[in-house]
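Hello,

Here is the structure I said I would pass on. My notes follow below it.

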Amino acid sequence: MTTEQDSSKTNESQNNPQGGYDLDSPEVSFSRRAFFGGMIALGGGLWALLVGGTPILSFLWPKKSEVVTVTEMTFEKNLKDFPVGESKNFMFGSIPALLIHDTNGKLSVFNAKCSHLGCTVGYQKDKDVIYCACHGGTYDPNTGKNIAGPPPAPLKPLVADVAADGTITIKIA
Amino acid sequence: MSIPTLKNLNIVQTVVDWLDERVPVKAAVEFAGHKEVPVHKHSIWYYMGGIAALFMGIQFATGFLLMFHYVPTFEGAYASVQAINMQVPFGWLIRSMHSWGANVFILVLFIHMFSTYFMKAYRAPREFTWLSGLGLVGIAMVFGFTGYMLPMDEIAYFATKVGVDVAGESPFIGPYLAEFVRGGSEIGQVTMNRFFTLHVIALPLAMMGLFGLHATLIQLQGISEPESIQKLPKAERKYEKFFPDFIKKDVFVWFAVFVGFMLLVTMRPFGLGPQVDPAAMAPIGIKPEWYFLSQFQALKLFPAKILFFDGVHVAMVFIGTVFGSLAVVPILDSTGKIPFISKFATVYGVIFLIGWLFLTIWGSL
Ligand code: FES
């Protein structure tokens, strides 16, 4: 009789139209406990991550770097001492730059940062190209256009102005 | 109560007993005594892990010494390494050991990795041993990369530039990641602080932790036998005691390797390139250390654009997938019960090794 009573009780609770489950049955309360335990662990973890992570990450985050921004500078050499075929790598503020007195007799000046992975490019007089030694990227010395190798984009141009006395001024484009 | 007389007092026994009550020494010795190492024609590869551990020790010791003279500043680093090389008594020796040691360490790790791969030692229950080993190789390479920058010679500067820019090409977080690693938009003192801290604090801790796990797992699970040996009847399989038989040979191998290493280190002291000039173009023929040559060559080979994608991105996905596969393929083959996958893992390993060697040699030309 007892068995019958028990089973009927179980049936009754399973068919309970409101709750659906018997919240006092061991399985249910176990899974509920596990669920709440899990939530607390997850919540606690997230909280720790946030509370611990925020200050640590902010502490490590680089502050806005003090880039030496230069908009204009006088080049170290006069045009007279800088004949055709000559080139020079120099710093324009904090960016590496490259000035070339190219074969057309024109002065070309570029930001010398390779568009591939940031190495500094240089002029190769014998081949008349701008070359990046890191992965063999090549650029046109007149236009800065990428012509061979991995670089995906042209070099960024700067501007070179020549005064009447031959003084060369480098400016941002 | 009998007072121990000098005659019946066994000092060693007493000390051991005293200690054993506090630290389970007897259990440890007992454990080591039971441990056996398989003896067969592939046994030689069992020494590689020990040799790698030896070089890890050499790196920790020499690195620790170098820190007494090295100056981690953007301006002063080069001069300090130069002084270590030329003025500090035996500085050249310690630095040569550290720089050569890094190269040999990684070489030995690669040999250890490939030998365990081909012996299929990664199979259940040793998956975590494999993965932790892979993690150790990864940490060793980051060690190499960060250590590379510290002397601030030409190659240091451009290798760092390229390495960080590669990270900067990662999807979505790339630019933030590069900025974070560099500590700004250009390589400078902040970058140096970051690399130095990683190199001397974070990476050593990570390596010790992971090595602890790796070594513990090996102790717990015993040394794996290649399939061909497992198949042999019990009577034909030979073993030797780990302690003292294997250890004796291990120490001898260490000694021999160390002597060879010291010959290399003293006959060919590790040099220092010209000081970096941030304005100057990257020197023609610049190359990373040999263990990055395969990635370097791959970066060179991918053109600017592939269909709609940037070549760099495709190259990165390619490099990432290939190296990531070293974590995936062994796990697929972990049961060793599926003949097709088992075969595939072997063939894959051979292709990987040949491809890697090919790109590395090509990159060095
Ligand atoms: S960085 Fe210039 S070609 Fe790669």
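Which hand does the crossing of α5(B) and α6(B) have? It is left-handed. Bear in mind throughout that this is a predicted model.

First, that helix pair. Helix α5 of chain B spans residues 91–118, and helix α6 of chain B spans residues 127–149. Their axes come within 10 Å and cross at roughly 155°. An angle over 145 degrees counts as roughly antiparallel, so α5(B) is roughly antiparallel to α6(B). On the α5(B) side, the contact residues include F105(B), F110(B), M113(B) and Y117(B). Among their partners in α6(B) are W130(B), L134(B), V137(B) and M141(B). By class, this contact has twelve nonpolar residues, one polar and no charged.

Next, a second pair in chain B. Helix α12 (residues 293–301) and helix α13 (residues 311–332) have axes that come within 9 Å and cross at roughly 150°. That makes α12(B) roughly antiparallel to α13(B). This crossing is right-handed. S294(B), Q295(B), A298(B) and L299(B) of α12(B) make the contact with V312(B), A315(B), I319(B) and F323(B) of α13(B). The classes here are six nonpolar, two polar and no charged.

Last, the interface. In chain B, 31 residues are in contact with 29 residues of chain A. The buried area between the two chains is about 2,400 Å², and carbon and sulfur atoms give 65% of that. F180(B), A279(B) and M281(B) supply 22% of the area that chain B buries against chain A, more than any other three residues.

Best wishes

Notes. Residues are numbered from 1 along each chain as its sequence is written. Chains are lettered from A and ligands numbered from 1 in the order in which they are written. This is a predicted model: local features need pLDDT of at least 70, side-chain atom pairs count only at pLDDT 80 or more; totals for chains, interfaces and linings use all residues. Side-chain values use heavy atoms; hydrogens and water are left out. Axes are lines fitted to C-alpha atoms, for helices over the stretch in contact, and angles run from 0 to 180 degrees between N-to-C directions. Helices (H or I, at least four residues) and strands (E, at least two) are DSSP runs, numbered from the N terminus. Angles under 35 degrees count as roughly parallel, over 145 as roughly antiparallel, 65 to 115 as roughly perpendicular and the rest as oblique. A crossing is left-handed if the near helix is turned anticlockwise from the far one by less than a right angle, and right-handed if clockwise. Contact means heavy atoms within 4.5 Å. Ala, Val, Leu, Ile, Met, Phe, Trp, Tyr, Cys and Pro count as nonpolar, Asp, Glu, Lys and Arg as charged, and the others, Gly among them, as polar. Buried area is the accessible area (1.4 Å probe) that two parts lose on being put together, summed over both.
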